[in-house]
Amino acid sequence: MSALDLLAEREDMISPGISACVGCNVELTLRTVMKVLGPNSILAIPPGCMGGVGVVGWNKQSGAKVPVFFPLLDNTASMLAGIRLALDAKGRDAHVVAFAGDGATVDAGFQALSGVAERGDRIIYICYDNEGYMNTGYQRSSSTSKGSWTSTTPVSKEGQGGKRQHGKDFPMIMAMHDVPYVATASPAYIPDLVRKVEEAMKVKEGLAYIHVYNPCLTGWGIRAEESISVARLAVKTRFFPLYEARNRKFKITVPVPNPLPLEDYTSRIKKFSHLGPERIAELKDLAEERYRFLEAVSAGGGGRA
Amino acid sequence: MSTLEKDYVCPVGEGIYAANTGDWRTQRPEIDQEKCSRCGTCLLYCPTNSVRRVEGRFVIDLGYCKGCAVCAAECPKQCIAMIREGRK
């Protein structure tokens with residue numbers, strides 16, 4: 001079944017009206033992921049945009065057609081591990097899924113997620129990484145790129161300031177847990193995302209982790225209609241490479257042999273507008289270094305078969 | 001309650017929560033069916049799942065469409081026009 005047939009025919013598992021910002025690509029990601037996973041799923045959405053826009057429900061009503069939980073920011077993965085144990089005890093099977101932002105994954109929820117990865121609890125964890133705490137007004141997270149304006153890393157009139165540290169290379173950190181499936185995805189490559197969710201569903205032992213890079217329109221300062229094209233530029237400039245790893249066996253799923261200049265991407269985003277050529281070059285160097293590392297581990301094959 | 005909502009059965013709570021996001025729209029997409037190549041890019045990338053495939057053609061269900069213009073920007077044939085909405 002092609003991705004188009006699947007998305008055209010499957011039922012949407014999310015409420016038709018959720019109050020995500022106009023053009024939000026996280027809304028697109030959530031609907032796509034849940035169409036692929038289908039009705040036999042249990043969803044957990046910790047505090048973050050997708051909780052805030054009403055997917056976890058409002059006034060006794062639910063925002064999804066599958067059971068949906070609203071765990072704490074820091075215990076999503078552990079809670080789902082418990083749900084899996086309960087299902088196993090009852091002899092039932094369902095997809096146990098987290099849909100969490102980068103704050104609940106890379107920052108506060110990291111210990112719980114790392115624990116689940118190490119113990120080998122069978123859950124699907126999807127992180128939508130928009131580089132910050134968006135629904136509370138864009139505070140920095142440890143995923144935010146260096147130089148970014150955020151409300152907690154302000155920029156002076158002279159263009160000085162912005163975040164002082166690089167963001168974590170989080171999908172790589174998860175891959176180094178030796179889990180059965182880790183993938184990166186982008187809302188601009190929907191057929192690729194659909195296939196990766198299908199791969200995650202095939203994992204019968206241990207954690208499947210998918211890291212989706214979602215440029216945030218409101219927080220980053222991007223025009224609504226450029227929602228998808230900016231996400232695509234992040235891939236085409238090698239800023240966010242798309243790959244998958246099975247027990248450390250890496251494969252780049254969307255190779256970028258001739259990257260576009262990073263300025264094509266950063267110039268479309270207001271949070272980078274104060275950066276001069278030197279600070280852009282710094283971001284570019286890190287992106288290139290991470291891509292070279294990825295190519296090296298992919299070419300070598302590595303890992304266990 | 002629209003027909004779309006009636007289709008929805010919730011496992012928990014009293015029903016489905018659906019904000020009337022169609023009311024946010026300041027512009028609406030219109031597909032030129034003559035120019036459309038039926039590739040389905042609009043359906044793949046619509047954030048609100050407002051594009052339907054009906055007998056091979058792609059049509060827009062405006063009920064919850066927020067008018068973000070992602071479909072118009074992504075269409076490879078550029079056959080989707082954004083029309084300014086009048087007063088409701």
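Predicted model: local features only at pLDDT ≥ 70, side-chain atom pairs only at ≥ 80, totals over all residues.
Within β2(A), F69(A) is the bridge partner of A44(A). The path from β1(A) to β2(A) runs through helix α3 of chain A, residues 49–55. This β-α-β crossover is right-handed.

β1(A) also pairs with strand β3 of chain A, residues 95–101. The sense is again parallel, and the pairing spans four bridges. Here H95(A) in β3(A) is the bridge partner of S41(A).

## Side chains of β1

In a regular strand, side chains alternate between the two faces of the sheet. Strand β1 of chain A spans residues 41–44. S41(A) and L43(A) point one way from the strand. I42(A) and A44(A) point the other way. Buried or exposed: which applies to S41(A), L43(A), I42(A) and A44(A)? All are buried.

Two of these residues return in the bridges. S41(A) is partnered by H95(A) in β3(A), and A44(A) by F69(A) in β2(A).

## Packing of α4 on α6

Two packed helices are described by the angle between their axes and the distance between the axes. Helix α4 of chain A covers residues 76–90, and helix α6 of chain A covers residues 110–119. They pack at an angle of about 40°, with their axes 6 Å apart. Angles under 35 degrees count as roughly parallel and 65 to 115 as roughly perpendicular, so α4(A) and α6(A) are oblique to each other.

Which residues meet in this contact? From α4(A) come A77(A), S78(A) and A81(A). From α6(A) come A112(A), L113(A), V116(A) and R119(A). The contact residues divide into five nonpolar, one polar and one charged.

## Positive phi in two loops

Most residues other than glycine have a negative phi. K60(A) has a positive phi, near 70°. This residue lies in the loop between α3 and β2 of chain A. K60(A) is exposed, because its relative accessible area is 63% and exposed means over 50%.

Y138(A) is not a glycine either, yet has a positive phi of about 55°. It sits in the loop between β4 (124–129) and α7 (170–175) of chain A. Is Y138(A) buried or exposed? Its relative accessibility is 2%, so Y138(A) counts as buried.

Terms used: Residues numbered from 1 in each chain as written. Chains lettered and ligands numbered in written order. Heavy atoms only, no water. Buried < 20%, exposed > 50% of the residue type's maximum accessible area, 1.4 Å probe, protein only. Pairing = 2+ DSSP bridges. Right-handed = clockwise from strand over helix to strand, strands pointing away. Axes fitted to C-alpha atoms, helices over the stretch in contact; angles between N-to-C directions. Parallel < 35°, antiparallel > 145°, perpendicular 65-115°, else oblique. Contact = heavy atoms within 4.5 Å. Nonpolar A, V, L, I, M, F, W, Y, C, P; charged D, E, K, R; others polar.
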